[in-house]
Amino acid sequence: MEATAAPFSSIVSSRQNFSSSSSIRASSPASLFLSQKSIGNVNRKFKSPRSLSVRASSTSDSVVTLLDYGAGNVRSIRNALRHLGFSIKDVQTPGDILNADRLIFPGVGAFAPAMDVLNRTGMAEALCKYIENDRPFLGICLGLQLLFDSSEENGPVKGLGVIPGIVGRFDASAGIRVPHIGWNALQVGKDSEILDDVGNRHVYFVHSYRAIPSDENKDWISSTCNYGESFISSIRRGNVHAVQFHPEKSGEVGLSVLRRFLHPKLPATQKPMEGKASKLAKRVIACLDVRTNDKGDLVVTKGDQYDVREQSNENEVRNLGKPVDLAGQYYKDGADEISFLNITGFRDFPLGDLPMIQVLRQTSKNVFVPLTVGGGIRDFTDASGRYYSSLEVAAEYFRSGADKISIGSDAVSAAEEFIKSGVKTGKSSLEQISRVYGNQAVVVSIDPRRVYVNHPDDVPYKVIRVTNPGPNGEEYAWYQCTVSGGREGRPIGAFELAKAVEELGAGEILLNCIDCDGQGKGFDIDLVKLISDSVGIPVIASSGAGTPDHFSEVFEKTNASAALAAGIFHRKEVPIQSVKEHLQEERIEVRI
């Protein structure tokens, strides 16, 4: 069914309130986003903006106008602005753009649906008029890309045409992983203004498409970034700024960028805090397994080969702290990302999982690094027979503060069907969310268990020679994928699953290992190497970290882009900063 865009004032209203206490405006994907059929209709230019007039604004100096067209996580930029002492006025009409004292456009999602909304609501004309008049403007991520002539994403699709040039997909043939996810360095030019306090420090990127430098747009460029090739990481002309990275997700460095935009007359600091950023950093991620304990309290727990109960007479759920408090502490300690895994359930009604949604909302108020959430994100029908698509479920989590969605068991089902039929139906949660929000917003969590065999031909799955022989001297093994928290084995290997979900639209793989979970003896290097060598998307190594050496080992011996730990951080056995100091000593680039 072809979707049509709703009036802008109602774009982010939902068809049904999920909870009477919910204060968030849940997106309605049916009215927000285009079907593949309608995406092709976006190749039109908006009418000339000359008929629009700019009136003097009476907005307070402490107010920021925000153009939120209803897609993805915009809560984080809202929280960052409030953290800096500003209140927010939402754009409801094109006139709100024209009357803004300062305008921020935090573009999230895919190029074509965003342009469709801007064109249908008259916002495209207003944006161009506002920028033509050199009014204070900050575009973020897609908010930068939309300023260019066109994009290859679902295209070609015409953009706003403010800046000459095209937006193209990263070239994976250059040996890089696409999407570009993580903390990278900037090459800052002269007179960048809002980047004055960045220094040689990393900022956070998450995108598959980039604006390409050219002679025609060189006067706009204020910084570039290198990822396989040089691409435009920020532009500036007069009062008009835009950045490809996410300042609201770049920690204190990112907040300094927002502060510079909001206070353009702020005196220059004597010297920005120096760093050593030179390239894409390896990420250190803190994972919080969240569930209710037997008293009904939401706690962070940790499994031992996925068993989260203490081995005691009471057999109570292992309680390692409160999720919001721990996430806040890990942010202060230097974690590059925070990952929440909801292992409580709410499988029959994911949108009824208000405690987890509140965790995201509260965490994003003070944690300015990426947040990922997983658990129960899929299509479902509630007890009354009301059907909810995975898009509606994902939209609620995105709007509550999640930057990425992690899909587990549902991705296994989709991969099995795809391998069996060879056909992409477009109906799986993975495909739906990836198509609308971009594959950089979708993580697939793989939970395999090692199965030893005597010979590579013993099973129809990818078999490798293992470093450590099995209990009966077996030299080979395959990795059987599991679902339902590791309780059910499936007839598919980790290798086959990884290849399939990449094809279906996953942007990142979280690679666990049941055998190593909670053991503290190191990551399964054989497994991580197998998968990270087999796919072209980033791979996060998980399960088994016990010492800082385990992090350097996985980065030195595999192509993992990030490494994740839980228990050693929760129990304060190994501080995050100790891991990063060790990695620096081993000459592995990390964000400091």
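Which are the buried residues of helix 5? Please continue from there to the salt bridges.

Reply: The model is predicted: local features need pLDDT of at least 70 and side-chain atom pairs count only at pLDDT 80 or more, whereas totals for chains, interfaces and linings use all residues. Residues are numbered from 1 along each chain as its sequence is written, and side-chain values use heavy atoms, with hydrogens and water left out.

The buried residues of helix 5 are F111, A112, P113, A114, M115, D116, V117, L118, N119 and T121. Here, buried means under 20% relative accessible area, exposed means over 50%, and partly exposed lies in between (1.4 Å probe, protein chains only). Helices (H or I, at least four residues) and strands (E, at least two) are DSSP runs, numbered from the N terminus. Helix 5 spans residues 111-121 and is mostly covered, with ten of its eleven residues buried. Just after helix 5, G122 has a positive phi of about 80°.

C141 counts as buried because its relative accessible area is 10%. The UniProt record annotates C141, H246, E248, D289 and D447 as "active site"; its positions are given in the numbering used here, feature names are shortened, and annotations may be inferred rather than shown by experiment. F245 sits in the loop between strand 14 (240-243) and helix 8 (251-262). With a relative accessible area of 0%, F245 is buried. Although F245 and L142 are 103 residues apart along the chain, their C-alpha atoms are separated by 9.5 Å.

As for salt bridges (a side-chain nitrogen of Lys or Arg within 4 Å of a carboxyl oxygen of Asp or Glu), the whole structure has 25. One of them joins E396 and R361, whose closest N and O atoms are 3.6 Å apart. This pair links distant parts of the chain, 35 residues apart: E396 lies in helix 11 (residues 390-399) and R361 in helix 10 (residues 354-363). E396 is buried because its relative accessibility is 2%, and R361 is buried at 4%.

Another salt bridge pairs E416 with R490, with 2.9 Å between the closest N and O atoms. E416 is in helix 12 (residues 409-421) and R490 in strand 26 (residues 488-493), 74 residues apart. E416 is buried at 18%, whereas R490 is partly exposed at 25%. R490 also meets E488 in a salt bridge (3.0 Å, N to O).
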